[in-house]
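Open the model in your viewer, colour it by chain, and keep the selection panel at hand. The stops below tell you what to select and what you will find there.

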Number of protein chains: 6
Amino acid sequence: MTDTPLSRPSGRPASALRAVAITRGFTRHAEGSVLVEFGDTRVLCTASVEESVPPFLRGKGEGWVTAEYGMLPRSTHTRSAREAAKGKQSGRTQEIQRLIGRSLRAIVDLKALGERQITLDCDVLQADGGTRTASITGACIALHDALESLVASGKLAANPMKELVAAISVGIYAGQPVLDLDYVEDSNCDTDMNVVMTESGGIVEIQGTAEGAPFSRSELDALLGLADQGISELIAAQKQALAC
Amino acid sequence: MTDTPLSRPSGRPASALRAVAITRGFTRHAEGSVLVEFGDTRVLCTASVEESVPPFLRGKGEGWVTAEYGMLPRSTHTRSAREAAKGKQSGRTQEIQRLIGRSLRAIVDLKALGERQITLDCDVLQADGGTRTASITGACIALHDALESLVASGKLAANPMKELVAAISVGIYAGQPVLDLDYVEDSNCDTDMNVVMTESGGIVEIQGTAEGAPFSRSELDALLGLADQGISELIAAQKQALAC
Amino acid sequence: MTDTPLSRPSGRPASALRAVAITRGFTRHAEGSVLVEFGDTRVLCTASVEESVPPFLRGKGEGWVTAEYGMLPRSTHTRSAREAAKGKQSGRTQEIQRLIGRSLRAIVDLKALGERQITLDCDVLQADGGTRTASITGACIALHDALESLVASGKLAANPMKELVAAISVGIYAGQPVLDLDYVEDSNCDTDMNVVMTESGGIVEIQGTAEGAPFSRSELDALLGLADQGISELIAAQKQALAC
Amino acid sequence: MTDTPLSRPSGRPASALRAVAITRGFTRHAEGSVLVEFGDTRVLCTASVEESVPPFLRGKGEGWVTAEYGMLPRSTHTRSAREAAKGKQSGRTQEIQRLIGRSLRAIVDLKALGERQITLDCDVLQADGGTRTASITGACIALHDALESLVASGKLAANPMKELVAAISVGIYAGQPVLDLDYVEDSNCDTDMNVVMTESGGIVEIQGTAEGAPFSRSELDALLGLADQGISELIAAQKQALAC
Amino acid sequence: MTDTPLSRPSGRPASALRAVAITRGFTRHAEGSVLVEFGDTRVLCTASVEESVPPFLRGKGEGWVTAEYGMLPRSTHTRSAREAAKGKQSGRTQEIQRLIGRSLRAIVDLKALGERQITLDCDVLQADGGTRTASITGACIALHDALESLVASGKLAANPMKELVAAISVGIYAGQPVLDLDYVEDSNCDTDMNVVMTESGGIVEIQGTAEGAPFSRSELDALLGLADQGISELIAAQKQALAC
Amino acid sequence: MTDTPLSRPSGRPASALRAVAITRGFTRHAEGSVLVEFGDTRVLCTASVEESVPPFLRGKGEGWVTAEYGMLPRSTHTRSAREAAKGKQSGRTQEIQRLIGRSLRAIVDLKALGERQITLDCDVLQADGGTRTASITGACIALHDALESLVASGKLAANPMKELVAAISVGIYAGQPVLDLDYVEDSNCDTDMNVVMTESGGIVEIQGTAEGAPFSRSELDALLGLADQGISELIAAQKQALAC
C-alpha cells in the first residue's frame, strides 16, 4: 500500500506502526513477564500458572487461559479513579479482558495444556492509545514463556502454543485509513477497529466501531489490509524478542 | 448467494432468517415499547425519555441515547442467576448494553435531540440465540416511537432519527457461512460475528470472534455478504412495522 | 356484601376485581411459565426445578420452594433504576420475594417434594398496582405445572401441592373498603392490606398498613370480608386455567 | 380473656407479657436514648435529629422519621455474621427497619415537625424473640424525648407526636393463642403475628404469617384480642417511663 | 513520674486514667461477655467459640483468635452512617479490628487451643475517645471467660491464655505527655499513640502518629513511660474483675 | 552500632539497607512519577494534582494530600487476587494507604498548598518486603516534583514541602535487631516495626508489632536506633535523586 500524503498528529505515514519494544523477564516472580511498548503505551504483561482449573472445567482433562486487565490510575493524561477503590471494574475493562482471554485461547491447545490455568495480567503503566492491542501482543510472549517454563520443569512434554498471535488497531482518520492509532488520533477518528490475527494469517477477532459516520465496505477492506500488514510486523518483532 | 445443501440444526437454508415479528405498543407506560421476535428469541424493548442528560453532557445542548440489557432468569434453557440478586452485571451484559447504545447513537442527530436522554431497556423474555441483534433491531423501533412522541407533544420539531439500523449474527457452522444463528447453532459454530448496519448500507459495528479455528479473509467476505442480505430483510420488516 | 355507591378512580364497584387472565405456557424453557394479568398489571411467573437444595436443608430429605421478584425498569409510569445496575435489590423487592416464597411453601408438602428446589421468578412486565398479589396468584399455577412435570417424568409419584393459594389487596379508599386496588387507588388510600389465603379458606399471610390514619377493628373486619370474597374468585380463575 | 391451662416453655400464662423495662437516657450523645427490655430481649433505641430531609422531601416543608435496625453479632444464641462485614443488610433487617419507620411516622405530625429528619437506630444487644416489637415500643419513647429536646431548645413550639404507639407479637403455640412469644416459643409456633397499635386503639400495622398450617378467621380474632390487651399494658409502661 | 501542672480539658492530672469499670457477664448468650468502661467510653465485648478454623489453618491442629469492631451509629457526638447500610467497613474499622485480633493472639497458645476459633466482637455503645484501647482491655477478659468455659466443659484441659494484655492511649497535649486521651483531648493533641502491653511488661503493639508536628525521641520515651504505668493499672483492674 | 555476626537470609549485615534506587520521571503523564527500588521491591509512585479538595475541606483555603496503594496481582511470589475484580480493597491495603497519606501530610504546609489535592498512587510492580516503606520514600519525591510543577507554572509562589520524609522497616530476626527486612526475613521475624521520620529527625509514625513473643523496651530502643540510621541513608539517597 502506498501512503498518500496525510498529516497525522503523530507525523507517521498512514501505514506506519509506532516503535515496538518487547522486553522479556521484566519482573521476576511470574512464570512469564513482558513489558510491551507501542510508542508511549507501556503495558506489563505477566503470566501466572495455577495447577487447577475453574469449576466448569474440572475433571475434563483440559486447561484454561484467562486474562485480567487494569490501568494504573495515573497511566492516563488525567487521573482515573482506581477500580479497586470504586469497588468494581468498568464495562470497558471487562470487555478488554474478555477479548485478551479469547485471543490467547485461540492459539493454545487446551487439551495439551492439561488441567491447569494460566492467567495473564495486563496492567497499563502508561497509556497512549492501543492498550488492548499492545496487551494481546505482549501477553502472547508472556504466555509463551510460562508455557516454556512448564516444559522446562517437565510438567509438559511440548509447548502447547500452536502459533503466535498479535493485535493492532486501525481507523479512519480525517477520511483516510491509518494504522496503529495513538491517543490523539483515536480520540478524533471516525472509525476505530481492532484486529487480532495469528502468525499464519488467520483472523481471531475483529471489532470495528463507527464512532462518527458509518463506514463502507471498501473502507473496511482498506482497514483490513492495513491491519494485516501491521500484524506481520508485530509477529516479526515477537519472533525477534523470542530469539534473544 | 446460492445456498449449498447443508444440514443446519434449524433446518433453515444457510441464508435464511428466522421468522421476524415486531410488535409495537407491547406495554403502555413507555414512550416506545416493542416486542421483537427472531424465531423463539423474544425481547421486550422499551424507550424512556428523560428531560436531562448525564453529567458529562450538561450544558452542551446535546442529547444522549443509552441502553440497558438484561435476561430474565428463566429466559434461558437452564435458570441463570438473577443479576440484581448477585449484585452485579456480568461482563457479557455490559458488553451488550454498550453495543446497543453505540449502535443507536449512530443513527440519531444528538444535537437535534436537545438536552434529553433516551434509555432503551432490552429485556430478554425468552432466549434462543441472537438476543443482542434482536435487541438492536427492536430497540431501533422503540426509539423511533419515543422520538415521534416528542414530535407529537411539540418538544421536537422533527424526528432526529437519521435512518434505521438493524443487526444480525452470521457464523461458520460445519464449515459453511450461515445467517442468524439460533442457540444450538451458536453453541456449535466455529466463528460468530455480529454485524450492525444502517438502512443506507453503512456499517456501524462489526464484531467477529473465532470460537474454534481462526477464519480467513475469504470467509469473512462471505459472512459480510450474508449479513448485508439479512439486514436488508430486517430493515424491510422494520419499515413494515412502522407502516402499521 | 352490598356495594354502597362510591366513585373509585377505576369506576369499579367496591367489591369488584379487575379482569383476571392466567395464561399457561407463556414461555417455553421453564418447567412452569404463567403470564398473570390483574387488569393492566402483567407479571411473568416461571418455575424452575433444580435437583438440589440450599445448604441448610442438605441431607434432610426435604425440598424447598423459593421466589425472586423484579420489575422491568419501564414497567412503571416513570422509569425506575435497574436493580442489577444499582448492584442491589431494594428492601421492597426483598420483602415481596420473601412473601411470595412463604405463601407458596404453605401449600406444598416439602417432604413429599424430596431434595429438590423450585424457584419462582416473578418479573413484572407492566405495573398498575397489586404486583405482589398477582405474582402469588400466578406463581401458584406455574408451581403447579412444574410439579406436574416432575410427576410426568416419573420423579414424583404424586403432585405434592396440597391446595391452591391466591392473594389480593384490599384497602380503605375515601373512607370505604374496596377490593383490588390499582395504582391510582393504592397511591391515595388510607389503609393497604394484602391477604393470602388458600383454596380451603385458611389464612396464610395478612399484612395491613395504615398509610394515613390508623384503622379500627371493624374496618379490619370489613377488609377481611372483601378479601375472602376476592380470593374465592381468584381461586375459581386458577381452576379454570388449570382445566384448559 | 381467661387463660386456659397451657404449658408454655416460658411458664407464663397465655395472656402474660414478659417483664417490661424502659430506661430513658441510657446513652448520652443522642437526643433520645432508651434501653427497652421485654424479658431477656434488650434493644438500645436512639433518636438522632438532623436538620435536613431526604431529597424527595426537600422544599416541601415537611419532616421525616426513619429507622435503622441491627443485631449485634452475638446478641443471638449462636453468633450471626456481622452485616457490615458481609457488606449488606439482610432482607429481614430491611423489612424490620421499614416496619419501625412506618409505625413511628403514623403517630407524628410530619408537617408540624418541619424540614428535619429523626432517625431511630434500634440495635439489639440481646435477643430472645420479639426484637421488632420491643424496638417499636422503645423507639417511640426515644422519639418522644428527641422531640421534647426540640421543644426545649425552641426549635418547635409543641411536640408533634400525636399519641403513643407500641407493638407486640402474638402466636398460636401448641394450638392455643399466646401473647409475647420468646425465642423458644417463636421457633415452635404455627402462626406468628406482629401488631402495632396506638394509644387510642387504632391499628397501624398487622403482619401475620402461618409458619405451619394456615389459620382460621376465629383464630385471627383471638390473636387480635390478645394483642389489644398486651398493647394496653405496654402503653401503660411507656406512660410510667415518661412520668419519671 | 511527677505530674507538672497542666490544664487538661478533662481536668485529670497528666498521668491519670479515667475511671475504669469491667463488668463480666453483661449479656447471656456469649461464652464471654464484658462491658468495659473507660470514663464515658463504653464497649460491649463478647467472645464466641466456634468449633472450626478458617481455611488457611485447617488440619494444622492450631486454633485462631480474631476480632470484629463496630460503633453503633449514635455512639458518637453526631450520628455516623451505619456501616451495614453503607455496605462496607471503613479503613479505620478494619485497622482497629486487625489490631485487636493481633493483640489477643499474642497472649494465647494457639496450639493448645486446638482447632477452634474464638471471635471477639467489640461494639461501641458510647464513644468518648480510646475505643480501641478499651476494646482490647475488655476483650481480653471476655476471651478469658470463653476459654474458661472450654475448660469447664472439658474441651480443654487448661486455659491456654498465657497472660493478660491491656492497651492504653497516650499523647502530647499542649506540649505535654498525657495518659488516656478522651475525645476532646484526642481531637486536639499533636501526637497520639496506642500501646498494647502484657501483664509481664512485654510490648505487643505500639502505634504512634504525629497528628501535627513530628515528635522527638525523648517525647517518645516519656509517652512510653506513661503507657507502661497506665497499663499496670489496667491489668490490676482486670485482675480485680476476674477475682469477683 | 557494630554489627554482630549474624546469618541473615539476605547475607546483609544487620544494619545494612538493600540497594536503593530512585528514578524520577519514570512515566510521563503524572506531575510527579518515581520508580523506587529497595532491592527487589519496586514501586511506581505517581503524584496527581487536582484543583479541588474533598468535601470536608471546601472553602477552608487549605489543601490535602492523600494516597492510594495497590499491588499488581503478580508482583508477589504467587499470584494474589486483583482487588478490582474482588470488588474491594483489603484491610491491609487500606491500612497502608492511610499510613502513606498521613506520612506525607506531615511534611507539607497544607495552607500554603491552597485548595487543591495531590493524590499519590503507589503501585507495587514487584514485591520483596518493605513495600510500604519504599512507597513512602518514593512518594515523597513524586510529591516534591508535583509541587515543583505547581511552582514552575506559577500556581504556587514557593514549594510548600517543609522537609523530606522517608520510612524503613526494622525487626528482630533470630533474636537480633536488623534493618530493612526483605520478604523472607519479614516472614520469619518475631517483631516487625515500620518507622517514618523526617529529614530533621522527627518521628512521624511508628508501628511495631510482636508477631511472636512480645518485645522489651531495650529491644525497642535498639530497633529505633537502627531505623534512625537507615532513614538518614534514605534521606541522603532522596537528596541525591533530587540533585540530578
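## Where chain F meets chain A

Begin by selecting chain F and chain A together: here 37 residues of chain F are in contact with 37 residues of chain A. Bear in mind from the start that you are looking at a predicted model, for which the predictor gives the whole complex an ipTM of 0.94 and a pTM of 0.90. If you colour chain A by confidence, you will be looking at a chain whose mean pLDDT is 95, with 98% of its residues reaching 70 or more.

Between chain F and chain A an area of about 2,900 Å² is buried, and carbon and sulfur atoms give 49% of it. To see where chain F contributes, select H29(F), R74(F) and R82(F), the residues of that chain which lose the most area to chain A and which together make up 26% of what their side buries.

Next, show the side chains of D121(A) and R79(F), which form a salt bridge whose closest N and O atoms are 2.5 Å apart. The count of salt bridges between chain F and chain A is 14, while 24 residue pairs are in polar contact, with both residues at pLDDT 80 or more.

Now display the secondary structure of chain F and pick out β3 (41–50), β4 (64–71), α1 (83–86) and β5 (117–126), each of which supplies at least two residues of the side that touches chain A. Sorted by class, that side of chain F has 13 nonpolar, twelve polar and twelve charged residues.

## Where chain C meets chain D

Move on to chain C and chain D, where the contact takes 25 residues from chain C and 26 residues from chain D. These two chains bury about 2,300 Å² between them, 51% of it on carbon and sulfur atoms.

Four salt bridges are found across this interface, and one to display is the pair R217(C) and D221(D), with the closest N and O atoms 2.9 Å apart. On chain C, select α2 (91–105), β9 (203–210) and α6 (217–243), each supplying at least two residues of the side that touches chain D.

Which element gives the most to the side of chain C that touches chain D? With eight residues, the answer is β9(C), and β9(C) pairs in the antiparallel sense with strand β9 (residues 203–210) of chain D over five bridges. As a last stop, zoom in on G208(C), which stands opposite I206(D) in β9(D).

Definitions and conventions:
Residues numbered from 1 in each chain as written. Chains lettered and ligands numbered in written order. Heavy atoms only, no water. Contact = heavy atoms within 4.5 Å. Buried area = accessible area lost by both parts, 1.4 Å probe. Helix = DSSP H or I, 4+ residues; strand = E, 2+ residues; numbered from the N terminus. Pairing = 2+ DSSP bridges. pLDDT = per-residue confidence, 0-100. Polar contact = N/O pair within 3.5 Å; in protein donor to acceptor, adjacent residues only side chain to side chain. Nonpolar A, V, L, I, M, F, W, Y, C, P; charged D, E, K, R; others polar.
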